[in-house]
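Dear colleague,

My notes on what was found in it follow.

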Amino acid sequence: MPSAAIDRVSVFDMRYPLPRGAGSDAVHVDPEYCLAVTRLETARSSVAGTGFALTLGEGNRLVCEAIRLLAQSLTGQPVEDLMADFGRHSRGMADDPMLRWLGPHKGVVHLALASITNACFDLWAKSRGLPLWRLLLDLSPEQLVKLLDLSYLDEVMDEKTAHQLLMDEEPHRRMRLEILKDGYPAYDTSVGWMAYQDDKVRELTRRSMGFGFSAFKLKVGSPDSARDLRRAAVLREVAGDAATVMFDANQQWTFPVAREMCAKLGLLAPLWIEEPTHPDDLAAHARLAREIAPTKVAVGEHIPNRVVFKNFMQADAVHFVQADCTRLAGVSEFLTVSLLARQFRLPVVPHAGDMGQIHQHLALFNRIALGHETLFLEYIPHLSAHFAHPVEVAGGRYRTPETPGASADLKELKPRGA
């Protein structure tokens with residue numbers, strides 16, 4: 001039977017107020033979690049695909065409008081035909097001659113492509129009755145490579161290189177399947193939002209430890225460096241020396257401030273310091289990576305595409321790759337960056353702009369199919385009540401999802417203002 005064709009594309013501007021102080025960082029002091037949602041429906045099936053990109057406020061409507069423009073080419077496409085050569089289709093949307101000028105491959109139009117792409121993968125997995133991680137693992141290396149847009153990566157990752165990497169890892173898959181039973185480790189990023197005072201950091205960290213977490217992240221980058229250092233010391237004290245802690249400056253520091261603060265925070269033995277300066281300043285990151293060693297640098301939340309990730313890797317400016325399928329061009333570009341990171345022998349620790357919903361599938365694929373080190377997946381619980389199949393975290397570990405699709409469905413979708 002031929003695959004069902006995409007009959008309708010709907011777009012939803014979904015916004016969710018957060019509890020007081022939640023989600024706050026050095027730059028986004030009062031955020032609202034917003035999802036620019038794409039829904040793909042087929043005429044001959046009740047199955048629909050859902051994808052989204054994360055924004056933090058009024059800009060969500062701009063992403064939704066870009067989705068409407070970019071997704072027009074999907075109408076009438078048979079799902080299996082689309083996904084059999086998705087890398088080419090993705091590049092075609094990214095290079096839309098009427099919209100490419102607004103990027104290219106970054107900003108509003110790239111966020112829109114993330115939402116669309118994630119919906120395509122969700123629809124594909126549902127149409128086959130499989131959770132996304134299983135669908136990806138069942139694909140041959142040839143089929144996986146066809147999902148990717150490898151343009152502008154030729155000198156480090158062409159189709160032949162990607163295919164060979166996947167082939168080389170195939171014999172090792174079986175020994176990595178234990179992760180499906182054990183669950184993927186999580187770190188709690190909600191204990192240390194910027195607006196939280198010392199006592200709340202203590203309280204939430206202790207509560208999180210009671211739930212089985214042993215890794216935690218704290219927001220830094222406030223105007224008062226003494227406050228940053230005090231709160232960081234509080235986290236380390238409460239969590240204990242055996243715990244893993246991370247600090248996130250959310251791009252707030254200039255290079256001189258970053259160098260000074262990273263040196264001081266490094267005394268608390270963090271696993272990484274995240275986004276220590278402006279995300280476009282490759283030279284500053286490369287210099288910091290050298291000068292603050294052995295403290296490590298993590299970036300990715302605001303790296304928009306595979307080409308910039310390639311540049312950071314080539315410049316030794318990153319130690320932990322925080323690829324995000326709601327910031328990159330969706331699942332497809334996330335997989336491309338994961339292959340790049342494997343080539344450069346760098347770990348992938350996703351930034352969870354999806355609250356971990358889609359990334360729980362991708363982290364399993366990365367471990368089993370690519371041999372990436374099992375580290376952590378960020379856990380942010382604030383939107384759990386809104387997902388039809390929210391992530392399950394127990395004992396500080398993500399439980400393997402079994403529902404068909406990418407776990408992106410929301411309980412309620414309605415046009416803004418309805």
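Ser338 is located in helix H14, which spans residues 330-343. Please bear in mind throughout that this is a predicted model. Because its relative accessibility is 0%, Ser338 is classed as buried. Apart from neighbours within four places in sequence, the residues in contact with Ser338 are Val348, Asn366, Leu370 and His372.

**Helix H15**

Helix H15 covers residues 359-370, and eleven of its twelve residues are buried, so the rest of the structure largely encloses it. After H15 comes Gly371, which has a positive phi, near 75 degrees.

**Salt bridges**

How many salt bridges does the structure hold? The total is 28, and several of them are described here.

Helix H14 also contains Glu333, which pairs with Arg306 of helix H13 (residues 306-314). Since the two residues belong to separate helices, H14 and H13, the pair ties together parts that are 27 residues apart in sequence. Are Glu333 and Arg306 buried or exposed? Both are buried.

Glu291 and Arg287 are both in helix H12 (residues 282-291), four residues apart, or about one turn of the helix. In an α-helix there are 3.6 residues a turn, so residues three or four places apart point the same way. The side chains of Glu291 and Arg287 form a salt bridge with an N to O distance of 2.7 Å. With a relative accessible area of 38%, Glu291 counts as partly exposed, and Arg287, at 36%, is likewise partly exposed.

A further salt bridge joins Arg39 and Glu41, with 3.4 Å between the closest N and O atoms. Arg39 has a relative accessibility of 24% and is therefore partly exposed. Glu41 is partly exposed as well, its relative accessible area being 24%.

Finally, salt bridges also occur as a network, which links Lys217, Lys219, Asp248, Glu274 and Glu378.

With kind regards

Conventions:
Residues numbered from 1 in each chain as written. Predicted model: local features only at pLDDT ≥ 70, side-chain atom pairs only at ≥ 80, totals over all residues. Heavy atoms only, no water. Buried < 20%, exposed > 50% of the residue type's maximum accessible area, 1.4 Å probe, protein only. Contact = heavy atoms within 4.5 Å. Salt bridge = Lys/Arg side-chain N within 4 Å of Asp/Glu carboxyl O.
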